[in-house]
Amino acid sequence: MHCLQLPPVGPPRRDRLPNGTPIWLVTRYPDVRQALVDGRYKRSLLFAPDAPRLSDNPNLGSNQDSMFHKDGAEHHRLRRVFQRSFTPRYLLGGPAMGLPASGPA
């Protein structure tokens, strides 16, 4: 990932994935945020029978049952299950895990 060539930041524009699939590339924070909260864009549409393939290689994005591909209430339900496990306190082994605040021995 550290060698990943990122596209320049700019307005939404047409582009192509490495496998040739046409996409809209959105790079500016306000544009990305707007797309993420717009109810017309649903992750489930990535797996519609006529949807183009995003990658020729299986990867995390290939699993339609992943929480990354859940929309709305189902995504929020799964996120609530996992979010406590990723708080700084939990990751450092603090009281949330039943350990002393100084962390694991």
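**Salt bridges, pockets and local contacts**

Asp 31 is buried, at a relative accessible area of 17%. Here buried stands for under 20% relative accessible area, exposed for over 50%, and partly exposed for values in between, with a 1.4 Å probe and protein chains only. The structure is a predicted model: local features need pLDDT of at least 70, side-chain atom pairs count only at pLDDT 80 or more, and totals for chains, interfaces and linings use all residues. Residues are numbered from 1 along each chain as its sequence is written, and side-chain values use heavy atoms, with hydrogens and water left out.

The protein chain holds 3 helices and 2 strands. Their order along the sequence is β-β-α-α-α. Both kinds of element are DSSP runs numbered from the N terminus: helices are H or I runs of at least four residues, strands are E runs of at least two. Of the 105 residues in the protein chain, 11% count as buried. Contact is defined as heavy atoms within 4.5 Å. Among contacts between residues at least 6 apart in sequence, 18% join residues at least 24 apart.

Salt bridges were counted where a side-chain nitrogen of Lys or Arg lies within 4 Å of a carboxyl oxygen of Asp or Glu. The count comes to 3. One of them joins Arg 28 to Asp 31, with the closest N and O atoms 2.7 Å apart. Arg 28 is partly exposed, at 34% relative accessible area. Asp 31 itself lies in helix α1. With neighbours within four places in sequence left aside, Asp 31 touches Gly 10, Pro 11, Pro 12 and Val 26.

Arg 40 and Asp 38 form another salt bridge, at 2.6 Å from N to O. Arg 40 is exposed, with 63% relative accessible area. Asp 38 is buried, with 16%. A further salt bridge links the side chains of Glu 74 and Arg 77, at 3.1 Å from N to O. These two residues sit in helix α2 (residues 72-83), 3 residues apart, or about one turn of the helix. Glu 74 is partly exposed at 32%. Arg 77 is also partly exposed, at 40%.

Pockets were then examined. Rolling a probe the size of a water molecule over the atoms shows where empty space is left. On a 1 Å grid over the protein atoms alone, a cavity is a set of points where a 1.4 Å probe fits but cannot get out; a pocket is an open set with protein on both sides within 12 Å along at least five of seven lines, and lining residues have an atom within 4 Å of a point. Grid points are joined across faces, edges and corners, and a volume is the space filled by probe spheres set on the points.

The largest pocket has a volume of about 1,900 Å³. It is lined by 40 residues, of which Ile 23, Trp 24, Arg 43, Leu 46 and Leu 54 are the closest to its centre. Elements giving two or more residues to this lining are β1 (13-16), β2 (22-25) and α1 (29-37). Helix α1 gives the most, with 6 residues. By class, the lining has 23 nonpolar, 9 polar and 8 charged residues. Nonpolar covers Ala, Val, Leu, Ile, Met, Phe, Trp, Tyr, Cys and Pro; charged covers Asp, Glu, Lys and Arg; the others, Gly among them, are polar.

The second largest pocket has a volume of about 160 Å³. Its lining consists of Arg 43, Phe 68, Lys 70, Asp 71, Gly 72, His 75, His 76 and Arg 79. By class, this gives 1 nonpolar, 3 polar and 4 charged residues.

Two loop residues were also inspected. Thr 27 lies in the loop between β2 and α1. It is partly exposed, at 21%. The side chain of Thr 27 reaches the backbone nitrogen of Gly 10 at 2.9 Å. Their C-alpha atoms are 6.1 Å apart, across 17 residues of sequence. Beyond neighbours within four places in sequence, Thr 27 contacts Pro 7, Pro 8, Val 9, Gly 10, Arg 13 and Val 32.

Ser 62 belongs to the loop between α1 and α2. Ser 62 is partly exposed, at 39%. The C-alpha atoms of Ser 62 and Phe 47 are 8.9 Å apart, with the residues 15 apart along the chain.

Key: A polar contact is a pair of N or O atoms within 3.5 Å; within protein, one must be able to donate a hydrogen and the other to accept it, and residues adjacent in sequence count only if both atoms are side-chain atoms.
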